[in-house]
Amino acid sequence: DYAEAVKWYRLAADQGDADAQYNLGNMYANGKGVLQDYAEAIRWYRLAADQGAATAQYNLGVMYEYGGGVLQDNVMAHMWYNIASANGHDKAGEWRDERAGLMTSAAIEKAQGMAHECMSSGYQNCGY
C-alpha cells in the first residue's frame, strides 16, 4: 500500500530520518502513493543528501543529468555522482565518468571543485 508507506515515510522524514527522506523522494519521483512530482522528489533527496546519504546523492545526479525537477546540468550531475562515489555508491563513479565524456575540462574542473566544497562544508554549500 503505497499511500500507507508515504504516510509513514513522511512521519520519519519530518523527524530528519535520511532513509525515510530518500524513500519519500523515490515515491515522488516514481508517483507511488502520491502524484509524480520531480520538484518534491528533489526536495526530499536534498534533505537526505545533506546528511551524507550516497543513494540520495546519486539520485540527485540522475535528476540533474536528465533535468527532472531541475534544469538539466552536467556540472551538477557530475558533482553529485562524484560525491556519491566518494561515499561508496557502486555505480556513481561510472555515471560521473560518462558525464565527464560530454564535458569540457573546465566544466569537469568546476564540478570537482564544487564536489570538494560541498563535502568539506558538511553538505551546506552544494551549489544550490
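Salt bridges come to a count of 6 in this model, where a salt bridge is a side-chain nitrogen of Lys or Arg within 4 Å of a carboxyl oxygen of Asp or Glu. The model is predicted, so local features need pLDDT of at least 70 and side-chain atom pairs count only at pLDDT 80 or more, while totals for chains, interfaces and linings use all residues. Residues are numbered from 1 along each chain as its sequence is written, and side-chain values use heavy atoms, with hydrogens and water left out.

In general, side chains of opposite charge can pair when their charged atoms come close. I will go through some of the pairs.

Take Arg 43 and Glu 40. Their closest N and O atoms are 3.0 Å apart, and they form a salt bridge. Where do Arg 43 and Glu 40 sit relative to each other in helix H3? They are 3 residues apart in that helix, which covers residues 38–49, so about one helical turn separates them. Helices here are DSSP runs of H or I with at least four residues, strands are runs of E with at least two, and both are numbered from the N terminus.

Now for exposure. Buried means under 20% relative accessible area, exposed means over 50%, and partly exposed is in between, with a 1.4 Å probe and protein chains only. Arg 43 is partly exposed at 38%, whereas Glu 40 is buried at 18%.

The next pair is Glu 94 and Lys 91, a salt bridge with the closest N and O atoms 4.0 Å apart. Glu 94 is partly exposed, at 47% relative accessible area. Lys 91 is partly exposed too, at 44%.

Then there is Glu 98 with Arg 99, whose side chains meet in a salt bridge at 3.9 Å, N to O. Is Arg 99 buried or exposed? Arg 99 counts as buried, at 8% relative accessibility, while Glu 98 is partly exposed at 47%. These two residues also belong to a network of salt bridges that includes Glu 65.

On charge as a whole, the protein chain has 9 positive and 16 negative side chains, and the centres of the two sets lie 3 Å apart. Lys and Arg count as positive and Asp and Glu as negative, with His and the chain ends not counted. Each charge is placed at NZ of Lys, CZ of Arg, CG of Asp or CD of Glu.

Next, the overall fold. The protein chain has 7 helices and 0 strands. Its radius of gyration is 14 Å, close to the 14 Å that the globule rule gives for 128 residues, so the chain is as compact as a globular protein of that length. That radius is taken over C-alpha atoms, and the rule is 2.2 Å times the number of residues to the power 0.38. Along the principal axes, the C-alpha atoms fill a box of roughly 45 × 25 × 25 Å. Of the 128 residues, 46% are buried.

Ala 13 is buried, at 3% relative accessibility. Which residues does Ala 13 contact, leaving aside neighbours within four places in sequence? They are Ala 20, Gln 21, Leu 24 and Trp 44, contact meaning heavy atoms within 4.5 Å.
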